[in-house]
Amino acid sequence: MTAQTSQTAAGHTVGDGYMLYHSIGQYPGKAQDMSTALSAFAECWGAANDEQWGYALGQRQRFVDLWSQLLKAPSASLTTTENVTSALAALIMALPREELEGRVVLVAGDCFPSLHFLLTGLEERYGFKLRTVPLREGAHWVEDEDVIAAWGPEVGLALLTWVSSTSSHQCDLSALVAHGRKQGSLIGVDITQAAGLIDYDCMAVAADFSISTSLKWMCGSPGGGILQVMPDVIARCQPSLRGWFSQDNIFSWDINAFSYAPDIRRFDNGTPSVMACVASVPALEWHAAQDWKAQLEKNRALSERIIAAADEAGFELASPRDPAQRGGSVMVRLADADSAQALLSKLRAVSVFADARGPILRCSPGFMTSQAGIDRLTAALTGA
């Protein structure tokens, strides 16, 4: 099947049953856009002239500008990383040691597992105590009130998960950040599972830093992570991983006169990777041109159909029923992991694409998903 083919062998419109936006985002023409961008990069990079770095770094800056625009981030407060894990590691390793040593780092038990793996590994090295707020028995997400109850003045840093990848629960950032400010904690937010679908305003949220990837609702490529840090926090950070791009003047070659750039560029280090930026810029530009209020309304309407089908079939909803407390995904608990895999096979046969974590079916209707795709999903659910 070519990128231009609009119908599957079964007559379905390509992408109308795609519901993996919690994993990889798709939009019409994505493959061709990426191909064009990467071909242009290859032609420039392979040319026997001196134009390569201007083009490559220009693409990286375009990536940064598009993300900054989306998040309404302060000037020069956002840079590229490989992923959310490397972004969090960079921030922690840049903080003055006294900000975390002897204190508590707070995280919810439904955070992205990779971040928890990182924090358990850094705990002893940086002298903090990791406190993980557990899920209540039988619950699918951590309640905000439990996070607040575990959050006292001993917490040096709290990492909030805006939307959980396992339940689509959306935490109340306003209440949590307000509580954290009273405790004097540094506050970070993992915005990965909702960035690009639900509005996130860095200035309004007023967290100290935010981390994300260009996958999922942003429809970008792997490796296109971002770290956004508020200027007052940047000023007291001295990243351990540093290099020539960490300087204000990257062409300063005096090996005994290193000094950090005054802005987010101090979190850069050696020669930056640009391939993920090149591959993601077309998606970010497509994304910036959309009517996001309409896209969110579409997601909400299709999600309600999935919830209704799960109710009809007698399955347990593993996501909040209230859309104000939910991201863009709907999770449904099936009988067991084998039942989930069997259903996924049935869905795949009718060009409906979702995934499962154990017995939890994860469905995220997005930009290409249509009512017809939802109808095929609901037919499979109610007949499971």
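This is a predicted model: local features need pLDDT of at least 70, side-chain atom pairs count only at pLDDT 80 or more; totals for chains, interfaces and linings use all residues.
Which residue in S9 is the bridge partner of Glu316? The partner is Arg333.

1. Strands S8, S9, S11 and S10 form an open sheet in the order S8-S9-S11-S10, and the pairing is antiparallel. At the edges stand S8, residues 316–317, and S10, residues 355–357. Each of these two has a single partner strand, so one side of each is left without a neighbour in the sheet. S8 is joined by two bridges to S9, residues 330–333, and the two strands run antiparallel.

2. Strand S4 and its partners. Here the pairing is parallel: four bridges join S2 to S4, and five bridges join S4 to S5, residues 186–190, also in the parallel sense. For a position to look up, Val104 has Val155 in S4 as its bridge partner. On the S5 side, Ala158 is bridged to Ile187. Between S4 and S5 the chain passes through helix H6, residues 173–183, and this β-α-β crossover is right-handed. S4 is mostly covered, with seven of its seven residues buried.

3. Strands of a sheet pair through backbone hydrogen bonds, and the pairing is either parallel or antiparallel. In a regular strand the side chains alternate between the two faces of the sheet.

4. Cavities. The whole structure contains three cavities of 30 Å³ or more. The largest cavity holds about 120 Å³ of space. Its lining has 14 residues, and those nearest the centre are Ala108, Asp110, Val147, Thr161 and Cys171. Two or more lining residues come from each of strand S2 (104–108), helix H5 (144–149) and strand S4 (155–161). By class, nine residues of this lining are nonpolar, three are polar and two are charged.

5. The largest pocket. What is the volume of the largest pocket? The value is about 490 Å³. The pocket is lined by 25 residues, of which Thr80, Thr81, Glu82, Phe267 and Asn269 are the closest to its centre. The elements that give two or more residues to this lining are strand S1 (78–81), helix H3 (84–94) and helix H9 (275–288). H3 supplies the largest share, five residues. The lining divides into twelve nonpolar, ten polar and three charged residues.

6. Aromatic pairs. A search of the whole structure finds 15 aromatic pairs. One of them joins Trp244 and Phe251, edge-to-face, at 6.1 Å centre to centre and with 70 degrees between the planes. Are the members of this pair buried or exposed? Trp244 is partly exposed, at a relative accessible area of 28%, whereas Phe251 counts as exposed at 53%. A pair is also formed by Trp286 and Trp292, edge-to-face as well, with 6.3 Å centre to centre and 85 degrees between the planes. Both of these tryptophans are buried.

7. The aromatic cluster. Trp286 and Trp292 also belong to a cluster linked by ring pairs.

8. Two positive phi values. Ala76 has a phi near 55 degrees, a positive value in a residue other than glycine. Ala76 sits in the loop between helix H2 (52–71) and S1, and is partly exposed with a relative accessible area of 36%. Ser168 likewise has a positive phi, near 70 degrees. Ser168 lies in the loop between S4 and H6.

9. The segment before H1. Gln26 is found in the segment before helix H1 (30–45). Gln26 is partly exposed, with a relative accessible area of 23%. The C-alpha atoms of Gln26 and Ala175 are separated by 33 Å, and the two residues are 149 apart along the chain.

Notes. Residues are numbered from 1 along each chain as its sequence is written. Side-chain values use heavy atoms; hydrogens and water are left out. Rings of Phe, Tyr and Trp (its six-membered ring) pair if their centres lie within 6.5 Å; planes under 30 degrees apart count as stacked, over 60 as edge-to-face and the rest as tilted. Buried means under 20% relative accessible area, exposed over 50%, partly exposed in between (1.4 Å probe, protein chains only). On a 1 Å grid over the protein atoms alone, a cavity is a set of points where a 1.4 Å probe fits but cannot get out, and a pocket is an open set with protein on both sides within 12 Å along at least five of seven lines; lining residues have an atom within 4 Å of a point. Grid points are joined across faces, edges and corners, and a volume is the space filled by probe spheres set on the points. Ala, Val, Leu, Ile, Met, Phe, Trp, Tyr, Cys and Pro count as nonpolar, Asp, Glu, Lys and Arg as charged, and the others, Gly among them, as polar. Two strands pair if DSSP finds at least two bridges between them. A crossover is right-handed if, with the strands pointing away from the viewer, the path from the first strand over the helix to the second runs clockwise.
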